[in-house]
Amino acid sequence: MAQMGAKVIALARSETNLKKAIANLPDLPTNERHQFIVADLSDRKKLKEKIGVLLNSIGTIDILVNNCGGPKSGPITKATEDDFLQAFQNHVLTSQLLAQLLLPAMKAAKYGRIINIISTSVKVPIANLGVSNTIRAAMANWAKTLSLEVAPFGITVNNVLPGLTATDRRADCLIW
């Protein structure tokens, strides 16, 4: 998006990683600069405050990309209630909060895009990712429900379903 001239505002827990990411983005054609927000998705109260401050300073955000790292791997039979609660809060509830904060301006503009990076597991569950499979399916259904509600305002909601990415988290799920 930055390569196409969009101003990027990245959000993550690590200021160091955010600074590196922003530094690697191409310059904007205007005098504006890409920005970042250091926030922990599990603290929605602080997240809401930080987004409120941002919106007061810049006005609107046209495109929201929800992309939260997955919960720990493991069989669903070993997952705890807290595993499910934390994953639901970080994915579904945070996406809901961000959408609610950004939708008023999107509706007023009759334009907006919400893009959710979820997983191919919404189509076929992936072995040893019990909590993730469950939460990703919840995200897919949240997105579909939201899309039906906001479509009359020119707002689209789409899911991107990345496939296999060889990471340490997935090492015990892969068959090479």
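This is a predicted model. I start with helices α3 and α4, which are roughly parallel to each other, because the angle between them is about 20° and angles under 35 degrees count as roughly parallel. Helix α3 covers residues 81-109 and helix α4 covers residues 130-150, with the two axes 10 Å apart. Their crossing is right-handed.

Which residues of α3 and α4 make the contact? From α3, they are D83, F84, A87, F88, H91, V92, S95, Q96, A99, L103 and K107. From α4, they are V131, T134, I135, R136, A138, M139, W142, L146 and V150. Sorted by class, this contact of α3 with α4 has 13 nonpolar, 4 polar and 3 charged residues.

Helix α2 spans residues 44-58, and its axis comes within 11 Å of the α3 axis, crossing at roughly 30°. That angle makes α2 roughly parallel to α3. The crossing of α2 and α3 is right-handed. On α2, the contact residues are R44, L47, K48, I51 and L55. They meet Q89, L93, T94, L97, L98, L101 and L102 in α3. By class, the contact of α2 with α3 has 8 nonpolar, 2 polar and 2 charged residues.

Finally, the rings. How many aromatic pairs does the structure hold? The number is 0.

Notes: Residues numbered from 1 in each chain as written. Predicted model: local features only at pLDDT ≥ 70, side-chain atom pairs only at ≥ 80, totals over all residues. Heavy atoms only, no water. Axes fitted to C-alpha atoms, helices over the stretch in contact; angles between N-to-C directions. Helix = DSSP H or I, 4+ residues; strand = E, 2+ residues; numbered from the N terminus. Parallel < 35°, antiparallel > 145°, perpendicular 65-115°, else oblique. Left-handed = near helix turned anticlockwise from the far one by under 90°. Contact = heavy atoms within 4.5 Å. Nonpolar A, V, L, I, M, F, W, Y, C, P; charged D, E, K, R; others polar. Phe/Tyr/Trp six-rings, centres within 6.5 Å; stacked < 30°, edge-to-face > 60°.
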